[in-house]
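Please look over the sequence and the fold below before reading on. The paragraphs after it go through them part by part.

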Amino acid sequence: MHDVDVVVVGAGLAGLSAARTLVGAGRTVAVLEARDRVAGRTLGGFLSNGVPVEMGGQWVGPTQLAALELIEELALKTFPTFDEGDALTVFDGNVVRYSDEDFGLPPESAAEVGRLWEQLEALASAVAVEAPWDTDGAEELDRQTLDGWLVANTEDSIARRFFRVLVPVLFSAETPELSFLHFLFYVRSGTSLETLAATTGGAQERRVLGGTHQISERMSADLGDAVRLNAVVRTIRQDESGVLVEYEGGSITAGRVVVAVPQTLAGRLRYVPPLPALRDGLTQQMPAGSVIKLQVGYDAPFWREDGLSGLVLSLDDALTVVLDNSPHDGSCGVLVGFLEGAHARTASLMGADERRELVIAALVKYFGPKAANPFDIVEQDWTAEEFTRGCYGGRLGAGVWTQYGRALAVPVGRIHWAGAETSTVWNGYMDGAIRSGYRAAAEILEKLP
Ligand SMILES: Cc1cc2nc3c(=O)[nH]c(=O)nc-3n(C[C@H](O)[C@H](O)[C@H](O)COP(=O)(O)OP(=O)(O)OC[C@H]3O[C@@H](n4cnc5c(N)ncnc54)[C@H](O)[C@@H]3O)c2cc1C
């Protein structure tokens with residue numbers, strides 16, 4: 001007799017979605033969470049005036065149906081991201097305002113970006129998203145990095161720089177760090193490059209009133225005592241009779257276990273007997289990108305009066321991307337900015353004051369002197385988090401999909417894998433995390449007597 005039917009490791013969106021589904025099907029569950037809170041990469045924060053801001057995952061978009069349905073089931077509300085007015089692109093010292101689809105780039109470079117964009121969309125639409133290693137030409141696509149593809153496909157230095165900035169904005173990882181096949185898979189998994197990049201009609205379309213952490217908090221509240229905080233799992237043992245999960249402070253037995261932590265952390269757990277080589281090799285090669293997310297509060301969203309949407313993409317600066325993140329009632333102005341990839345790694349070595357100066361200097365460059373005096377800045381460095389170790393999610397370098405990818409979501413005996421990185425739809429996003437939890441729960445319900 002086991003203590004519970006299923007142990008779930010990790011109380012992020014994936015783990016809690018799995019647990020909720022299993023409990024809904026009449027199973028007993030224990031969710032072991034290392035931190036003193038649930039919600040993982042969807043941490044909630046507050047500015048000093050009490051306005052809630054999202055320090056991790058925040059936006060949901062139209063094809064993210066699992067996330068949208070869950071939000072509704074939990075009686076949470078969404079509201080549209082502010083998306084009116086002109087955007088800004090910064091390159092070669094110029095801050096260029098634009099309202100068309102040319103990103104404010106010189107005509108030749110804009111045309112080149114458009115040509116590459118279409119090529120990428122076409123290649124992505126041909127990816128076998130359920131099994132990327134089966135894509136036509138998979139080995140050739142996986143042999144090269146995204147950067148290698150860019151260098152081979154355009155001579156236009158501004159177009160190259162544009163993608164070398166856009167990609168870290170989408171992945172928190174640099175173009176040389178990504179297998180070209182992985183990039184195409186990710187685009188396909190999130191519908192299209194256009195969908196990933198867009199606000200209205202795309203992945204940044206809506207926000208959750210009060211913050212996305214509430215999705216996990218509400219699921220956790222429904223699960224009650226089944227969720228145990230401060231329970232750092234270290235070892236998973238399995239034999240023909242069941243699993244024994246050992247955590248700091250205790251152990252628990254079950255018929256099956258769902259491991260719903262980032263893949264790189266799944267690889268740091270001890271498994272007895274050891275995992276098959278392919279699965280272990282995969283977790284060693286799925287690090288996350290680097291990102292520091294900042295929320296900058298102003299008395300008012302002053303950029304709106306200047307006809308600006310707040311969206312900035314800078315090819316010159318460490319603060320590569322900025323969006324309007326003001327509360328839905330406009331009671332103050334908030335700009336959300338990201339230090340991504342290499343810039344995040346450099347900035348994480350700085351002191352908080354130096355980082356703050358860097359961020360304010362960039363915002364003044366983009367929006368003028370009114371940006372000089374925020375009433376508060378809050379920041380979150382995800383690479384420093386022991387129980388996340390980088391964001392937004394795990395990425396695959398050249399060769400990994402075709403050599404190891406098959407092991408990503410296949411159960412190992414009584415161990416089932418969940419987490420945003422294991423989803424074929426909206427991989428790396430909140431929606432993918434939720435879908436992965438549902439998938440792991442369905443696998444178990446099929447197996448349990
Ligand atoms: C800055 C940032 C911005 C993002 N923006 C968006 C966005 O706008 N839209 C979007 O859809 N997605 C976004 N994402 C991605 C999204 O947040 C994640 O894909 C999603 O939250 C992952 O959920 P998960 O359950 O798979 O993993 P996690 O949230 O990482 O949950 C894993 C849980 O496991 C716990 N854990 C780890 N190790 C152990 C252990 N040994 N024992 C027990 N527990 C353990 C962790 O504490 C954590 O709670 C963003 C992420 C970041 C960081």
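Predicted model: local features only at pLDDT ≥ 70, side-chain atom pairs only at ≥ 80, totals over all residues.

Residues are numbered from 1 along each chain as its sequence is written.

Begin with the domains, whose bounds come from an automatic or database domain assignment. Domain 1 consists of 4-41 + 212-286 + 397-447, and domain 2 of 110-190. Their C-alpha centres are 30 Å apart. In the contact between them, domain 1 supplies 14 residues and domain 2 supplies 19 residues; two residues are in contact if their C-beta atoms, placed from the backbone, lie within 7 Å.

Next comes a sheet. Helices (H or I, at least four residues) and strands (E, at least two) are DSSP runs, numbered from the N terminus. Strands of a sheet pair through backbone hydrogen bonds, either parallel or antiparallel. Here two strands count as paired if DSSP finds at least two bridges between them. The open sheet has seven strands in the order S8-S7-S16-S17-S18-S15-S19, with mixed pairing. Strand S8 (94-98) and strand S19 (376-381) are the edge strands, each pairing on one side only. Within the sheet, strand S17 (residues 319-324) and strand S18 (residues 333-340) run antiparallel and are joined by five bridges. Leucine 323 is placed opposite valine 336 in S18. Helix H6 (residues 157-171) packs on the sheet, where it touches strand S7 (86-91), strand S16 (308-314), S17 and S18.

How do two of the helices meet? The axes of helix H2 (residues 65-73) and H16 come within 7 Å and cross at roughly 80°. Axes are lines fitted to C-alpha atoms, for helices over the stretch in contact, and angles run from 0 to 180 degrees between N-to-C directions. H2 and H16 are therefore roughly perpendicular to each other, a term for angles of 65 to 115 degrees. From H2, Ala66, Ala67 and Leu70 meet Met430, Asp431, Ile434, Arg435 and Tyr438 in H16.

How values were computed: Parallel < 35°, antiparallel > 145°, perpendicular 65-115°, else oblique.
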